[in-house]
Amino acid sequence: METTPDGRWLIDEHVVAADVRPAGRDRWVVVADGTSHEVAVLSRSPLRLQVDGLEVAVAVADERELAAARAGGAAGAARQEVRAPMPGLLKAVHVSEGDVVERGTPLVTLEAMKMENELAAAGRGRVTRVAVAAGTKVEGGALLVVVAAE
């Protein structure tokens, strides 16, 4: 499950409109496509939830990792296209075309929803394109940087 650039949820490859409201400590009411569900946290490590009375094991993925995987940025890929995971303001560009980067090297900082998100290289490579400049407003999915594997 992940969010789409327009704030909806992607669950098992299906886009679902959802509204999440707190309903007490470690409890929420989730209204997805008009249907209400009660969700409670049973344990945090490993994360287990109870949804409508049924226990569910949950895996949590970092949004930046998901974006990199969708863009072909997994280790060993020939090219990584770093795209904005959501609309926002590009606060900083940390690399230039021709720079060699290692896995985890910060490429850009995107401010979205009042938080700064540092997008990093998924693996070693050379920056072949910087498609944006600091101070630019970008839409979700916008191409930011391209890194070719070395």
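**Close-up views of a predicted model**

View 1. With a relative accessibility of 8%, T109 counts as buried, because buried means under 20% relative accessible area. When neighbours within four places in sequence are left aside, the contacts of T109 are L89, L90, K91, A92 and H94, together with E116, N117 and E118.

**View 2. The open sheet of β9, β16, β14 and β11.** These 4 strands form an open sheet in the order β9-β16-β14-β11, and their pairing is antiparallel. Strands β9 (79-83) and β11 (100-101) stand at the edges with a single partner strand each, so one side of each is left without a neighbour in the sheet. The antiparallel pairing of β9 with β16 (residues 143-149) runs over 5 bridges, and R83 stands opposite L143 of β16.

**View 3. The hairpin of β4 and β5.** Strand β4 (residues 18-22) pairs with strand β5 (residues 27-32) in the antiparallel sense over 5 bridges, and A18 has A32 in β5 as its bridge partner. The hairpin has 4 residues between the strands, and in this hairpin G24 takes a positive phi near 125 degrees.

**View 4. Pairing of β5 with β6.** Strand β5 also pairs with strand β6 (residues 35-44), here over 6 bridges and in the antiparallel sense. Within this pairing, the bridge partner of R27 is A40 in β6. In general, the strands of a sheet pair through backbone hydrogen bonds, either parallel or antiparallel.

Conventions:
Residues numbered from 1 in each chain as written. Predicted model: local features only at pLDDT ≥ 70, side-chain atom pairs only at ≥ 80, totals over all residues. Heavy atoms only, no water. Pairing = 2+ DSSP bridges. Helix = DSSP H or I, 4+ residues; strand = E, 2+ residues; numbered from the N terminus. Buried < 20%, exposed > 50% of the residue type's maximum accessible area, 1.4 Å probe, protein only. Contact = heavy atoms within 4.5 Å.
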